[in-house]
Amino acid sequence: MKKRKVTILLAFCLILLSAVFMYKGEAQAAGSYTIQVNKGTNVVTVFRNGKPDRAFVCSVGSATPVGTFYTPNKLRWHVLDGPSYGQYCTRITGGYLFHSVWYYVNGDYASQSYVQYNKLGTTASHGCVRLTVADAKWIYDNCPLGTKVTIIYGSAANDPLGKPEAIKIPARYGSRGWDPTDPMSGNPYSSLRPSIDVSGVQTAIPYGSAFNANAGIVAKDSLGNDITHRLTSSGTVDTKKTGSYRVTYIITDALGRSASADVVYSSRYAESYYKRGEEIPKERV
């Protein structure tokens, strides 16, 4: 009987040892992706084969542990503190997870807290790493169990791709609803697009004057937030040469959606010279 117990114990130890080696092997082979969480900036950076591949804005908490961990399991929907509920949960260690901003109702896509969503980019969680649904889903789908996660308390210098923006949800949409980034069918935000309003543009540019490419233009993201500061343009106006000039404006919002608009400007001599019957100054000829 004693010999049998020893044999059973030995077999159990071998199974346990094998499981440990399998887990370590899985961690090492978890692939090409490793993840860094910067508590100092609320930025997640994903590295592929050691090189920065993509970055996510997040919300950590003061209790978020610093160290190196290997993801042990995943949960599609999971109960969180409150209780509240999160999508696309990937466990980092213990009770700390990557997950979406929380929902009031389990499985209800239209019950996410917009107050908490709009805090992305700031320290706001109880210790988990909150992300947009799209970003939590990306980790859930692409980073296998055993993926290495390093959590640091660093500065912007530790974020090689910088800090992305999360689109803000205006108050007119209420206090809860869909995550704008959720790819699930039925998302009411999926059909929205950014816009560029050029109705306030003065297209006649006086000869020799300074040309302000963004004057009179208003750009808004898919949810109606003003993002004029993010406008880019191609083309310009040579105010020292009369003629017509086309300038193309492009905007891309935090959802990755784009809009464009063309404006045709004309550079011409000031009408006041003609009205007064004065000779156009030689330096303007």
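This is a predicted model: local features need pLDDT of at least 70, side-chain atom pairs count only at pLDDT 80 or more; totals for chains, interfaces and linings use all residues.
Local features need pLDDT of at least 70 and side-chain atom pairs count only at pLDDT 80 or more, while totals for chains, interfaces and linings use all residues. Residues are numbered from 1 along each chain as its sequence is written, and side-chain values use heavy atoms, with hydrogens and water left out.

- Strand β17 spans residues 258-268; helices (H or I, at least four residues) and strands (E, at least two) are DSSP runs, numbered from the N terminus.
- The side chains of β17 alternate between two faces: A259, A261, V263, Y265 and S267 point to one face and are buried, where buried means under 20% relative accessible area, exposed over 50% and partly exposed in between (1.4 Å probe, protein chains only).
- Strand β16 (residues 243-252) runs antiparallel to β17, and 10 bridges join the two; strands count as paired if DSSP finds at least two bridges between them.
- Within this pairing, V247 has V263 of β17 as its bridge partner.
- β16 and β17 form a hairpin with 5 residues between them, and G256 in the turn has a positive phi of about 80 degrees.
- Strand β13 (residues 204-206) pairs with β17 in the parallel sense, over 3 bridges.
- I205 has S267 of β17 as its bridge partner.

- Strands of a sheet pair through backbone hydrogen bonds, either parallel or antiparallel.
- An open sheet of 5 strands has mixed pairing and the order β3-β2-β1-β10-β4.
- Its edge strands, β3 (51-57) and β4 (67-70), each pair on one side only.
- Neighbouring strands in this sheet are turned by 20 degrees against each other on average, direction ignored; axes are lines fitted to C-alpha atoms, for helices over the stretch in contact, and angles run from 0 to 180 degrees between N-to-C directions.
- Strand β2 (residues 43-48) runs antiparallel to β3, with 6 bridges joining them, and F47 stands opposite P52 in β3.
- Helix α3 (residues 133-142) packs on the sheet and touches β1 (33-38), β2 and β3, contact meaning heavy atoms within 4.5 Å.
- The direction of α3 makes about 140 degrees with that of β3.

**Salt bridges**

- The structure holds 4 salt bridges, each defined as a side-chain nitrogen of Lys or Arg within 4 Å of a carboxyl oxygen of Asp or Glu.
- Side chains of opposite charge can pair when their charged atoms come close.
- R54 and D53 meet in one of these salt bridges, at 2.8 Å from N to O.
- R54 is partly exposed at a relative accessible area of 30%, and D53 is partly exposed, also with 30%.
- K137 forms a salt bridge with D141, their closest N and O atoms being 2.6 Å apart.
- Both K137 and D141 lie in helix α3, 4 residues apart, which is about one turn of the helix.
- K137 is partly exposed with a relative accessible area of 24%, and D141 is partly exposed with 44%.
- D262 and R246 meet in a salt bridge at 3.7 Å, N to O.
- This pair links distant parts of the chain, with D262 in strand β17 and R246 in strand β16, 16 residues apart.
- D262 counts as partly exposed at 44% relative accessibility, whereas R246 is exposed with a relative accessible area of 53%.
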